[in-house]
Amino acid sequence: MDLCMMNCELLATCSALGFLEGDTYHKEPDCLESVKDLIRYLRHEDETRDIRQQLGAAHILQNDLIPIIVQYPQDKQLFDAVIRLMVNLTQPAVLCFGKLPQDASFCHHYLQIVSYLQAYKEAFANEKIFGVLSEKLYDLLQLDWEQRQEEDNLLTERILLLVRNVLHIPADPDEEKKVDDDANTHDRVLWAIHISGMDDLLKFLASSQSEQQWSLHVLEIISLMFQNQNPEQLAATGQARLAKERGTDMAELEALRQKELAEKKSRILQRSSRHSRFGGCYVIQGLKSIGDRDVVMHKGLHNVKNYSHDLGKDVRRVPKRRQLARDGEGTPRRSALNVRLFLKEFCVEFLENCYNRLMYLVKDHLIREKAQQHDETYYLWAMTFFMAFNRASSFQPQLVSETVSVRTFHFIEQSLTNYYEMLLMDKKEATSWSRRMHLALKAYQELLMTVHEMDHSQEEAVRNSSHILKNNVFYLMEYRDLFLTLFRKFDETKQPRSFLKDLVETAHLFLKMLERFCKGRNNLVVQSKKFKRRKKPQAHPPGSDAQPPAPEELEKMWPGLAEHIAKCIKGSKPLLEDVVPFDAASEIPLEEQRAEAMIRIQDSLLAGQAHEALSLLRSAREVWPEGDIFGSSSLGPDEETELLRQIFFTNLPRQSTPQTDEAEEATEEEEVVEEELASVQVSEKEFTFLDYVKRFASANIVKAYVLLLKNYQQNSTHTNHCVVKMLHRVAHDLKMEALLFQLSIFCLFNRLFSDPAARAYKELVTFAKYIVGKFFVLASTNKKAYMELLFWKSTAAVREMTEGYTLVREDESSDAHKTSLWTEEEEEELRELYYKYKEVEDEDILNNIVAHLSTRNRTRKQVAKRLVHLGLANSMRDFPRERKGTRIVLWTEDQEAELRRLFEEFQGTDDILTNVMRHITARRSKARIIEKLLSMGLVSDRKELYKKRKHKPGSLGMNKDTFPKDFVASDLDEDDVEEGEEEEDLDSEKEEEPIWNYGEHDVGNRSLDGRWANKKWGAASDKDWQELVQSLRQEGLSGPLLWLQNCLNRTAADREEDGCTQPVPLVPLSEENEDAMEHRNFQKFLRKVGIRAPASEQESFWRIPAKLSPEQLRRVAASIAPPELEGETKEQAAAEGHLSTEEPRCPMAEKEEPIRLPLGPKRSRLIIDGEEDEENNSQGSSDEDGPRPAGKRKRLRIEEEEED
């Protein structure tokens, strides 16, 4: 900017600051006021930041402000004002504009300010200015907290902000085109900081307990000091290079040399012997040009392979939203040697004295939300950089112990999740969120590498700590599924290739550690979470699902209601005004809402709201006067009361959600978007490494790996190895090489084979040959394999491709598939019906067509689809949806009589409801029939209409006569039976049924002498029973049998004492009992005695059913006892009710609730050998009764552990 264009007032203010003569600056008397005026001008600058640009063009900071700071540090007021002005002038350009400007003019102003900032940074590469700032900061830190004023804290903060702003200024790539080991502007600023002693002050602030408030400022300055620095290279500064590193460099150099020689050789072979002017013309046979002739090529033969019709065409512009994301990382460079040595020394001292304390304070600020927005990025960077430096220099895990914990894993995982969610929501700032996500991923990678390095430590304590960390990380599902989620959600338009590279390398390290951890552990137990989704229940009208009150209850309620109604009619109780008996916003026509109004009146009466019912009745009378349905307008008080009484006692048909039997109509109803509620169920399961790797065998994940492999020439050797290793796991370990049979992958392999430097990629070439060979082996048997190359395949498609395709036969096809076929005659009939009814107004055309079709099993949706297919309609939206709720059809007397007759006819069958629906004349839904049967009093509970499942004979290896009829075990509790229409599908369940049923009518007639009152055991049944018990004892399960006997006796005593008949879970606390509960024969025995297995995934334990009486429980307990102890067991069962309350009781819950696993910050895994002794139960152990099971396994248990 030209100084002549500078504002006059601004120019006068700058002139009043002073002048520079040689190296001496002479300030004017009004210097302090001029500085304050400049601050005031900056506060009121316009959106183009004109004041800032004019001051930058005038070099005010270089020629006036810096000399004032250097020569007049004793003038406190002037020093404070100049520091304040310099902080304002050096703030980042992004903060000045709020965000990166998109407009061309604003972008010009933005770049102009950046250029001025770069000039400021050049001026700050001076030891004198940092020397003055260091001395002033040192003097301020020497003051005690009692002596410090508010101005002192402000000045300290402004000095730190000034240093931060100077280091934050980006480098100018055009003017700093220097080679490595040469000092640039940033290096000279760092050297000035080092010479002035500012770095020592920063370390003091990071380690001092009294200076905790500056922790975030210090961490931000340190992160800017080490920008574009490589921690591994920095740690190796000043050390002799290892032979391994020299060998790696020589191998890379040799690979580049071979590539160059191969390219040179290929160019020589392609060069024609003739002059380029006489290259000739060639015809490419088989390749057609625009016309019908073959293509004529005017280039040499060596270019035939590269010919394309797209040659010479303009490159198609890629839309901005589809452009690949760019890497935001700066170009790494190597600073001057003296700067690197100073930075290395700073890192060593910082790790030894400051790192753990500073990271603790910063984490505390982040958790308590004392920090500013996005300050966690500095925390993630510091963790990544200093842990990598510690690992590369002299690995000492105690120096970074603050960030090596499960809490750190959790913090990074939460940050990654949050950044990804914001990446999807805040699309304008997607680039910034992608960079933050990449930073969190690198922190996670470095944390894993530190734990992996701890595994190879020579100290046993360090290895044990690493083992505990891996136990906790591998146990939790969130950490195992993190990489799967990141791969599936990878988007190359939002996330750069560098993110994908770090993701692949981190996943490779995680799998490597997990595979090593699983070796030698046959029964690794991990946490598993299942998300159960259920649709939110829709709001129903009041009383729609409730059972109607009995007539006796209505008779009791009516006198009170009649009294209230009489008061309302007389006017002693005011009525409601503006009551509307219909829904104006409903799609149901007004004339068809009369039945709903009648139901609302009845609901008001049932709720005791007599005044509301009377108001609704009178309003409905005005809306629907025809027919005197709600009475005439001349009704007297007694007649109106009698009308309300008839409505109160009438059993009105209630509206319920109509259910259709057709699958197509059910699909149409499911298109309505409903809110879903998720419940999380936590459990444990055995972990297998191969099963975990199978989750990576997905087309989306393989696409991400192939995308990175396409740049194999730019990738490092380690990156290519990570990609090939994962693809090898999928192809070789999982035997799913067909997942890689894709044309884009084969094109990549072809490019690799034709690469002149293919020798440098031996691992890639070997793997590519393996995959191609497998493909041709498969193609020899499956001729469709060549067509499969065009598509990415799922695991099911891979299995069909390798094992054979499944053919859909007509005799095996579903009924829905059969009904979806249309013959020519049916299509012609459909056309005629469509033309016949399309002009009929006020009627649904689809209903008319469906009603008159000769084929009766067609649905509305099938008819509409076929009309669209035939071109008679444009889309499905041309037909209105069928209105639900308009089918309120009352039952006639003849229909009620028919329903009663059908119910009495099929009452003894297994499926009453299905038989009634088949034979009833007027077709109605299942819900309507159930409601009518309940209202008519034919059944008292809808469960009586459920289909009775037949038991498979001999399914449990035991006859039905083993126990008498009065001794029953039902595995269905009242709470376990689902309400609603879904009960029609109970016959398809495959759960094992109990072998007996309850007879509750004769419970009180059973004797207590250990024998059955109604039926004695036969000799054969008694023999089978004793053989089963004896076989369990021979297998070493005497202890669990005794534990089960005690539990049954105590449950019987509790039920006699408390009268509580809730299901009681059997909770095995000892390992012996726990193994017994998993024993197949023991579970078979439990089913025989009537103990119910877990009914759902939310239950973990077997339960003693609520319907077993105390007498039955004691009889079962007596039958378990060995023959020599039978008499003693009977006596114990008789006296069980008089036991002292202080006696140890069986650990069983009183309420049936799902058992939830506790979550904690840390877990340790202990290996418990199967030969260890277990603690005896309350009745003593039974080790002497028999040997323990031979198939006993080692178990891994996770225990909570608090961190220090």
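## Helices, cores and rings in a predicted model

In helix α41, the buried residues are K926, A927, R928, I929, I930, K932, L933 and L934. Here "buried" means under 20% relative accessible area, "exposed" means over 50%, and "partly exposed" covers what is in between, using a 1.4 Å probe and protein chains only. Helices (H or I, at least four residues) and strands (E, at least two) are DSSP runs, numbered from the N terminus.

Before going on, a word on where this comes from: it is a predicted model, so local features need pLDDT of at least 70 and side-chain atom pairs count only at pLDDT 80 or more, while totals for chains, interfaces and linings use all residues. Residues are numbered from 1 along each chain as its sequence is written, and side-chain values use heavy atoms, with hydrogens and water left out.

Back to α41, which runs over residues 926–935 and is mostly covered, with 8 of its 10 residues buried. What do those buried residues pack against? They sit against α39 (893–905) and α40 (912–919), where contact means heavy atoms within 4.5 Å. Just after α41 comes G937, with a positive phi of about 80°.

**The whole protein**

Now zoom out. The protein has 47 helices and 10 strands, and 43% of its 1204 residues count as buried. Take the contacts between residues at least 6 apart in sequence: 75% of them join residues at least 24 apart.

**Nonpolar cores**

In soluble globular proteins, nonpolar side chains tend to be buried together. A nonpolar core is a set of buried Ala, Val, Leu, Ile, Met, Phe, Trp, Tyr and Cys residues joined through side-chain atoms within 4.5 Å. The largest one here holds 196 residues, and L55, F130, F226, L380, F386 and F487 touch the most other members. Apart from that core lies another, of 26 residues, including L1028, L1048, V1089 and I1120. As for L380, its contacts beyond four places in sequence are F411, I412, Y419, L439, A440 and A443.

**Helix α22 and its phenylalanine**

Helix α22 covers residues 497–518, and its 22 residues should span 32 Å at 1.5 Å a residue; the end C-alpha atoms are 31 Å apart, which agrees. (The expected span is 1.5 Å times one less than the number of residues.) Since 17 of those 22 residues are buried, α22 is largely enclosed by the rest of the structure. Just after α22, G520 has a positive phi of about 85°.

F499 is part of α22. Is F499 buried or exposed? F499 is buried, at a relative accessible area of 1%. Leaving out neighbours within four places in sequence, F499 is in contact with M437, H438, L441 and F490. M437 is 62 residues away from F499 in sequence, yet their C-alpha atoms are 8.6 Å apart in space.

**Rings that meet**

A pair of aromatic rings is described by the distance of the centres and the angle of the planes. Rings of Phe, Tyr and Trp (its six-membered ring) pair if their centres lie within 6.5 Å; planes under 30 degrees apart count as stacked, over 60 as edge-to-face and the rest as tilted. A search of the whole structure turns up 38 aromatic pairs. Two of them are set out here:

| Pair | Centre distance | Plane angle | Type |
|---|---|---|---|
| F490 and F499 | 6.4 Å | 0° | stacked |
| F775 and F776 | 5.4 Å | 70° | edge-to-face |

F490 is buried at 14% relative accessibility. In the other pair, F775 is buried at 2%, whereas F776 is partly exposed at 47%. Rings can also gather: F226, F346, F350, Y355, W381, F385 and F386 form one aromatic cluster.

**Two loop residues**

N228 has a phi near 65°, lies in the loop between α12 and α13 (231–235) and is partly exposed at 41% relative accessibility. E369 has a phi of about 60° and belongs to the loop between α16 (355–367) and α17 (376–392). At 71% relative accessibility, E369 counts as exposed.
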